[in-house]
Amino acid sequence: MPVAAFSEERFPLRLAFGTTGGPERRIDVVRLSTGYESRNQRHRHAVRRYDAGSGVKSLEDLAAVVDFFEARRGKLVGFRFRDPLDASSAGFGRAPGPFDQSLGSGDGTSTCWQLVKRYGPGEDGYIRPIAKPDAGSVRVAVDGEELAAGAFAVDGVTGAVTLAQPPAAGASVTAGFLFDVPVRFDVDRLAFSIAGFRSGEIPSIPLVEVRP
């Protein structure tokens, strides 16, 4: 039986705390003969890398990681990971609200929008597509009025939001949400040690973001 390329299961939340890592951007820098630099980004979007090894505090945690690793077949199957620092449309430590992020404006016919999160103000800000929202956390507003839960549907796999009625032309569509990062294990082998009767340690559990 073929194995799916991505599982919607989330890496155990208790093991995510203590994770190190964050966004990585690959920039090629060429120093010109004039002394100036030419800089070019390889990819439009950052790739997030994490190391979840420090979240393992007990033999129970160790067993949970091994079970999760085996179920994902190592690198083969991607999964959800909750970034401890960046998992809310409202920013770190704040609950999401319906006016957090602008999704666009109505044209009288469109009903579907992609969830996004903006970093930085103005035209120089970066817009990050959000593909793995926590569907139950999504709140949506049109022209400053929050919609009832039954007035829209959320695809938790792709991050698409579909409204029951198309907003009027020019009406702003905003949303707030919690979200996960799609990742996979970036190692073929888990190397762990049993430090004591009730404690275990995995020195490194590297994870890398994927495009699901």
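G104 stands opposite V173 in β15, and the two strands concerned, β7 and β15 (residues 172–176), run antiparallel and are joined by 4 bridges. Strands here are DSSP runs of E with at least two residues, helices are runs of H or I with at least four residues, and both are numbered from the N terminus; two strands pair if DSSP finds at least two bridges between them. The structure is a predicted model, in which local features need pLDDT of at least 70 and side-chain atom pairs count only at pLDDT 80 or more, whereas totals for chains, interfaces and linings use all residues. Residues are numbered from 1 along each chain as its sequence is written, and side-chain values use heavy atoms, with hydrogens and water left out.

## Sheets and hairpin

The pairing of β7 with β15 belongs to an open sheet of 4 strands, whose order is β7-β15-β11-β12 and whose pairing is antiparallel. Because β7 and β12 (145–146) each have a single partner strand, they stand at the edges, and one side of each is left without a neighbour in the sheet.

Another open sheet has 6 strands in the order β1-β6-β16-β19-β5-β2, and its pairing is mixed. Its edge strands are β1 (6–10) and β2 (20–24), each of which pairs on one side only. On average, and with direction ignored, neighbouring strands of this sheet are turned by 30° against each other; for such angles, axes are lines fitted to C-alpha atoms (for helices over the stretch in contact), and values run from 0 to 180 degrees between N-to-C directions. Within the order given above, β16 (residues 181–185) and β19 (residues 206–209) run antiparallel and are joined by 3 bridges, with L207 in β19 as the bridge partner of F185.

Strands β3 (residues 27–31) and β4 (residues 37–41) are paired in the antiparallel sense over 5 bridges, and R31 stands opposite E37 in β4. The hairpin that they form has 5 residues between the strands, and in it G35 takes a positive phi near 100°. S38 lies in strand β4 and is partly exposed, with a relative accessible area of 37%; on this scale, buried means under 20%, exposed over 50% and partly exposed in between, using a 1.4 Å probe and protein chains only. S38 touches D28, V29, V30 and L32, not counting residues up to four places away in sequence, where contact means heavy atoms within 4.5 Å. The C-alpha atoms of S38 and D28 are 8.1 Å apart, while the two residues are 10 apart in sequence.

## Nonpolar cores and aromatic pairs

A nonpolar core is a set of buried Ala, Val, Leu, Ile, Met, Phe, Trp, Tyr and Cys residues joined through side-chain atoms within 4.5 Å. The largest one has 19 residues, and those with the most contacts inside it are F11, V65, F185, I205 and L207. Two or more residues of this core come from each of α1 (13–16), α2 (59–71), β6 and β16, and α2 gives the most, with 4 residues. Apart from this core lies another, of 16 residues, among them W113, V116, V138 and F177.

A search of the whole structure finds 10 aromatic pairs. Rings of Phe, Tyr and Trp (its six-membered ring) pair if their centres lie within 6.5 Å, and planes under 30 degrees apart count as stacked, over 60 as edge-to-face and the rest as tilted.

| Pair | Centre to centre | Angle between planes | Class |
|---|---|---|---|
| F11 and F79 | 6.1 Å | 25° | stacked |
| F11 and F81 | 5.8 Å | 50° | tilted |

One aromatic cluster is formed by F11, Y50, F68, F69, F79, F81 and F185.

## Surroundings of D86

D86 is placed in the loop between β6 (78–81) and β7 (101–105), and D86 is buried, with a relative accessible area of 13%. Its side chain makes polar contacts with the side chain of Y119 at 2.6 Å and with the side chain of R128 at 3.3 Å. A polar contact is a pair of N or O atoms within 3.5 Å; within protein, one must be able to donate a hydrogen and the other to accept it, and residues adjacent in sequence count only if both atoms are side-chain atoms. Not counting residues up to four places away in sequence, D86 touches R48, K117, Y119, R128 and F179.
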